[in-house]
Amino acid sequence: MNIKRLILEGENVSLDFKKTISSAEKIAKTLVAFANNRGGKLLIGVADDKTIKGVKSEDEEKYMITKAAHVYCKPALEPIFEEIILDHKLILVVHIAKSDTKPHYAMDENNKWWVYYRVKDKSVLASKIIIEVLKESNKVTGQLISYSDDERRLLTYIEEHGRITLKEFSKLTRYSNKKAQKIIVRLILANILIPNTSEKEEYFTAVN
């Protein structure tokens, strides 16, 4: 693993930097987001601006991560630790594998459990659609071979407008949100649609 190259690339869907771990509850969100997506690496001792700060006490950091993974994540996660010396400073690398028991939940400060998902370089609260995709992804399913008329209409709409929301698709087909959601989940699982999250809404685009 070329740690310098990883740091230069910056934070992304499977990489996050933390100068230090100050809260087991907060870091649990990142851990479950990695597990619910494609897995990832957490570099402790690296600031958000890519500055290498180093870890003062690796035992304390390992304790906080392990506590987060075992107490504040459900189902519990098993982090793998790796210590790397870079520029005479210790970087602690935490490996979180892609899970096959999704979705994983993180507990907040009010003892409530929430599902998080990794989108670009952020760990975001998962929508109902994403949670359904995570649940269904654990099952062995066949490949989507042919499109229904509604799926064709959805893809034609995306071709013309670049994206579609659940509300727009529901309006287009006059389906209930629940029925429209099932179709979108099916297309995400078939790797035909990609879910996207902005500050305002969740929307879907076609896989290029």
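Author: Asn191 is exposed, because its relative accessible area is 55%, where exposed means over 50%, buried under 20% and partly exposed in between, with a 1.4 Å probe and protein chains only. This is a predicted model, in which local features need pLDDT of at least 70 and side-chain atom pairs count only at pLDDT 80 or more, while totals for chains, interfaces and linings use all residues. Residues are numbered from 1 along each chain as its sequence is written, and side-chain values use heavy atoms, with hydrogens and water left out.

Asn191 is placed in the loop between H7 and S9, helices being DSSP runs of H or I with at least four residues and strands runs of E with at least two, numbered from the N terminus. Although Asn191 is not a glycine, its phi is positive, at about 60°. Most residues other than glycine have a negative phi, and most peptide bonds are trans. Lys120, also not a glycine, has a positive phi of about 55°; Lys120 belongs to the loop between S7 and strand S8 (122–125) and counts as exposed because its relative accessibility is 67%.

In helix H4 itself, which spans residues 128–137, the buried residues are Ile129, Ile130, Ile131, Val133 and Leu134.

Elsewhere, Leu42 lies in strand S2 (residues 40–44) and counts as buried because its relative accessibility is 0%. Beyond its neighbours within four places in sequence, Leu42 is in contact (heavy atoms within 4.5 Å) with residues that include Ile27, Leu31, Phe34, Ile65 and Val93.

Two further backbone features are cis peptide bonds: one runs from Lys74 to Pro75, with omega near -10°, and the other from Lys102 to Pro103, with omega near 0°. Pro75 is in the loop between strand S3 (73–74) and strand S4 (80–86), and Pro103 is in the loop between strand S5 (89–96) and strand S6 (105–107).

For the chain as a whole, the secondary structure amounts to seven helices and ten strands, and 46% of the 208 residues count as buried.
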